[in-house]
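Open the model in your viewer and keep the sequence panel beside it. The stops below say what to select and what is there.

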Amino acid sequence: MTIGNPAPAAWASRVVEVTDPERERRAAAQAGLVINGAEPLNCEVPVSLLGSEVTPTDRFYRRNHFPIPVLDAAAWRLSVSGLVDRALSLSLPELTQLPAQTMEVTLECAGNARRMYQPPAPGEPWGFGAVSTAEWTGVPLTEVLRRAGLQPGAQEIIFGGADRGTIDGAPHPIHFERSLPVAGVAESDALLAYAMNGQPLPPRHGYPLRLIVPGWYAVASVKWLSSIRVTDEPFGGFFQTERYMYERGSGTVVREPVRLQQVRALITRPGAGQNWPAVAAWSSAGRPGQVRRRSSGSR
Ligand SMILES: Nc1nc2c(c(=O)[nH]1)N[C@H]1C(S)=C(S)[C@@H](COP(=O)(O)O)O[C@H]1N2
Ligand SMILES: [Mo]
């Protein structure tokens, strides 16, 4: 982990290209990704390409629930509101002037390997490739929370993405939103990331800002982050309570939201017809705030 600001102030004036779904799909196909769904684009890394420590950005898997929003960073602000002493509205240049941190974090979709489930589970038919690693740079979440000041009674922090769409025939579109409990957030190493592998975050991965929650399933790492709301009650949003839940037992089914990544390892080589040994593995080891990721690259 390195501390230091890579001085990306000029990034704020970067022109954001319109994300054309067909162009996105073609770019993913050209990078060798396996496309599971084109609109919104969901694509994974073929097993043959897994195994390097850091995934090149163009090969990073992509999971979208809604169309990719096109945000003008000059107009964009991160709002911080709710149970705070000072509500904030932060521009990208303001965020990039705060103390910065860089860390390597593996994101894995909680639905990764769903195709192997028996009986079959509903949802995106992921093989093993909904997992990738990048070096993320941004402001520690705690820096921003400290500036806002959490009030007594603050319990839950809700992170709102700018993307939105209609779910299951509901009458109104909803935004992608997820929460983290206040308890433990200081130790979570969560990052408000504006750079990925040393470059400004690409639109498809959350430009201009995304949350990165090391060790948690990637659903917690909200892209296109626009709002942070602090509340005194548990969050009941769609992607918090209706999706990304474990369901255990028969008869009385116990439902529980996914949080920390479970340990998982995968032999990526030898592939069919090959016989040299190499392994890629990752896990969070379930220790919040301590182990961020472990990945042994192919050897
Ligand atoms: N705003 C927003 N954030 C989001 C999502 C989304 O659809 N919208 N998908 C989540 C899920 S389920 C995953 S697995 C990761 C995927 O991140 P990536 O597309 O950068 O790989 O983003 C998470 N953050
Ligand atoms: Mo996911």
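Begin at helix 1, residues 21–30, where a side-chain oxygen of Asp20 comes within 3.0 Å of the backbone nitrogen of Glu22 at the helix start. Helices here are DSSP runs of H or I with at least four residues, strands are runs of E with at least two, and both are numbered from the N terminus. A polar contact is a pair of N or O atoms within 3.5 Å; within protein, one atom must be able to donate a hydrogen and the other to accept it, and residues adjacent in sequence count only if both atoms are side-chain atoms. Past the other end of helix 1, select Gly32, which follows the helix and has a positive phi near 90 degrees.

Before going on, note that this is a predicted model, in which local features need pLDDT of at least 70 and side-chain atom pairs count only at pLDDT 80 or more, while totals for chains, interfaces and linings use all residues. Residues are numbered from 1 along each chain as its sequence is written, chains are lettered from A and ligands numbered from 1 in the order in which they are written, and side-chain values use heavy atoms, with hydrogens and water left out.

**Two cis peptide bonds**

Select Glu39 and Pro40: the peptide bond between them is cis, with omega near -5 degrees. Pro40 is in the loop between strand 2 (34–38) and strand 3 (41–44). Then select Tyr207 and Pro208, also joined by a cis peptide bond, with omega about 10 degrees. Pro208 belongs to the loop between strand 11 (199–200) and strand 12 (210–212).

**Ligand 1**

Which residues are closest to ligand 1? They are Tyr61, His65, Asp163, His205 and Lys223, out of 18 residues that surround the ligand (a residue counts as near if one of its heavy atoms lies within 4 Å). By class, this shell has nine nonpolar, four polar and five charged residues. Ala, Val, Leu, Ile, Met, Phe, Trp, Tyr, Cys and Pro count as nonpolar, Asp, Glu, Lys and Arg as charged, and the others, Gly among them, as polar.

Now show the contacts. Oxygen atoms of ligand 1 lie 2.5 Å from a side-chain N or O atom of Lys223 and 2.7 Å from one of Arg210. A nitrogen atom of the ligand is 3.0 Å from a polar backbone atom of Ser221. The protein covers 100% of the 540 Å² of accessible area that ligand 1 has on its own (Shrake-Rupley method, 1.4 Å probe; for residues, only the protein chains shown count as cover).

Tyr244 sits in the loop between helix 4 and strand 14 and has a positive phi of about 60 degrees, although it is not a glycine.
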